[in-house]
Amino acid sequence: MISNAKRVGFGIMALLLISSMAYAGNVTFRCNMAVHVALGNFTPASQGLSAVGSFNGWGGADLNAYALTDGDGDGIYEGTFSIADGSYNYKFVVTEGTPKAIKAWEDGIGDRALTVAGDATLDVSEWNQGVKFVVDMTPPLAGGATFDPNTQYVAAVGNFNNWGSATKDDSELNDDNADNIYEGRHAVAAGLPNVMYKFTIRNKSDNAVATWESHPDRPLAVTLNPSETVLVKWDKDPGASAPGNITFRCNMAVQIALGNFAPATEGISAVGSFNGWQNADLSAYALNDGDGDGIYEGTFNIDGGSYAYKFVVTTGSPKTLKTWEASADRPLNVNGDATLDVGEWSQGVRFRVDMTPPLAGGATFDPNTQYVAVVGNFNGWGGATRESSELTDANGDNIYEGRHLVAGGLPSVMYKFTIRNQSDNAVATWESHPDRPLKANIDPAETELVKWDSDPGTPVAATVLFQVNVKPLRDLGIFDETDGDSLVCYGGFNGWNGAAIDQSLMRQSLLDPAIFEITLPITRVPGVKLEYKYFIRFNRNSARFANSRPPSGWEEPGTTGGGNRSYEFTDQTQQTVGVQTFQDIITVLPKDSTYNVTFQADMRCALRTPGFGNAATDTLFLDVFDSFWHFFRGTLDQADGESGPLIPFSDADGDSIYNLTLNFKGPVHNWVQYKLNWNNVQEANPGIALGRNRVRYARATGTDTLLTGEIIPVFAKNYTFGRDVWNFDSAKQLTVESESGAPIDDPIPCVVTAVEVTDSEIPDAYGLSQNYPNPFNPSTTIEYRLAKPGHVKL
């Protein structure tokens, strides 16, 4: 028999055990991405969704472990995870790649709240908690409409909230800062597949619509972030942007302090899609530093619209371009006068550290709960924010890097690498290394790669052999060293086109007359990537150019889409880059042979984007960026540097899939390098980096042997290139094919639905026919008849 004392003892022990247990719940997260799938903002085939928050380390979370999936393809992503009881904040993030990396956060809303007290299934929530509708109600309102905010409210209504029957909660817009801009965020997925809406003025007393916009129903067109509509005036279209006097400002103080920029002999200009990029008049767009503070300014009148631009270093008189910024293109939206924020050259300095374990000093780093940061006198040392200090490992090679502004640390920028906790941003581990003085070149404006808590590797003094096979150029009749042409090698290691002749001029090889080469002394730390290009100095007085000016001379390599070539420096004292062909021209279409090549561009997704354009009045063009191609076609004198003249596509059937067939006549290389251009605006691209242009190949179908024994490729007379889709992302490289690879179709980033008008006569009555085949097939046809225009809900 157990005594009462023992029973009491067991009870106390049980209570102690229960109180020491950590309770957790299985929480099911659900996010509806169907709207952004339909709008082309989210691609299920290549992107995913994860839940991150204070329960798993936010951006440092294991994105695979907290991934949501859409098993039934309805656009609703779900995932169930064990989370300890408590209160948290979280957001959904879009991921891509392997391993998964964060591509986009929900930036349109604040953190979501989460309270865990056992198992729970959260309500389905749209990305960014829906769409923010925005309308300008500044009086007088179009159409003579009146609005009394004391007795009425503004609402967005549509097929997602039952039009005029919408409740106040799911339609109201508010003016929180009294600027007459009314806005509100609402769920819209119920309106799919084609969300339509209008703005209305409604009575507070009975919720009735007092005034409708007379404007046609507006189709929803928003980006992933911030998931909001374009600001419009009541009953108006967005309208064209106004021209403006735009003041550009670039801070060169850091580069001056580092000795990378000489104000006495060098200058700064702004170039971009508004003035022809490298073909701009550099003097007309020059910035000046009148007060000697290192901040260069210039004001220029620019037409209204959206552009991309960069700052460039110039030298000489007249000004010539010496160096580009190494960072991505800067965006510019012109709609009236504006003074831009001061931007540091290359948007700061890229810091790099090798975190390959084991780390020096016995340091430990857990990427699931910690992050790597660079801190210094430019961002407050240990008080630095995560945004101003974080370094990331984008490709899983343990090299952490990030670009940050540093001018705040002048006159002597100092820094260290740290390991910080994701939970509270506190520094967990400092390098024991002394403070590091900033040392960075102007291009690409980055620090040398160092290991954690270690000094940079020892620089190696080496000779590097660069070689170019000019036979394809000779076959094309474009290069003739006997007629005064010469070939040079330019790069960051010799000052680009400011290089001395003895450090750039290539000589004919004694072993092979088709090879031009140069051996250059270069001292670098192994692992550094050398960027370079080849350039032809044409004899412009040659009879070859009697009827046309020669090409520009700069190569636009096919393997890089026109971007700079790159070579990784090694620890060898004698290095060879390898034989390359100028512009990567290898295969030449035979002289006088003709071929029809068809380009195709799917613009359906682009034309859904707010403010993009009007298919009825605007035009899609092919913009070929290859002065050699233009030279052979006889269009070089119409070209603007590497670009143009623009060649129009056509869309005969009005399905927004554009086609263009060109006749190629040999001799010319078997690939073309280009961008899409909509109504004189280029698609986005990564500047001077890989994939700045599209590259597509016409591939040989076989070979033939000439009487001389030479084997030549044989091409089909008609060839269709892979599908192009307009690019909006300046960080994304354009499609670059290889000669040995297969044609590439760009993925279509939105859901497209075909609608066919089967009868032009107006029916006498309403009618709905049986769909066919059944809806469990990949597609189904639904025929209906309307006696008059109106809203249709199936």
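This is a predicted model: local features need pLDDT of at least 70, side-chain atom pairs count only at pLDDT 80 or more; totals for chains, interfaces and linings use all residues.

Reader: How is a pair of aromatic rings described?

Author: Two quantities describe such a pair: the distance of the centres and the angle of the planes. By the rule used here, the count comes to 50 aromatic pairs. In one of them, the ring centres of Phe 538 and Phe 545 are 5.6 Å apart and the planes stand at 80 degrees. Planes over 60 degrees apart count as edge-to-face, so this pair is edge-to-face. Phe 538 and Phe 545 are both buried.

Reader: Which arrangement do Phe 612 and Phe 728 form?

Author: Phe 612 and Phe 728 are also edge-to-face, with 5.7 Å from centre to centre and 70 degrees between the planes. This pair links distant parts of the chain, 116 residues apart. Phe 612 belongs to the loop between β43 (594-602) and β44 (620-624), and Phe 728 to the loop between β53 (718-725) and β54 (767-768).

Reader: Why does Phe 612 count as buried, and why does Phe 728 count as partly exposed?

Author: Buried means under 20% relative accessible area, so Phe 612, at 14%, counts as buried. Exposed means over 50%, with partly exposed in between; Phe 728 has 46% relative accessibility and therefore counts as partly exposed.

Reader: Which residues form one aromatic cluster?

Author: One cluster is formed by Phe 29, Phe 55, Tyr 66, Phe 81, Tyr 88, Tyr 90 and Phe 92.

Reader: Where does the charged end of Lys 168 sit?

Author: The charged end of Lys 168 sits over the ring of Tyr 153, at 4.9 Å from the ring's centre. Lys 675 lies over the face of Phe 625, 3.5 Å from the ring centre.

Terms used: Residues are numbered from 1 along each chain as its sequence is written. Side-chain values use heavy atoms; hydrogens and water are left out. Rings of Phe, Tyr and Trp (its six-membered ring) pair if their centres lie within 6.5 Å; planes under 30 degrees apart count as stacked, over 60 as edge-to-face and the rest as tilted. Buried means under 20% relative accessible area, exposed over 50%, partly exposed in between (1.4 Å probe, protein chains only). Helices (H or I, at least four residues) and strands (E, at least two) are DSSP runs, numbered from the N terminus. A charge sits over a ring if NZ of Lys or CZ of Arg is within 6 Å of the ring centre and within 35 degrees of the ring normal.
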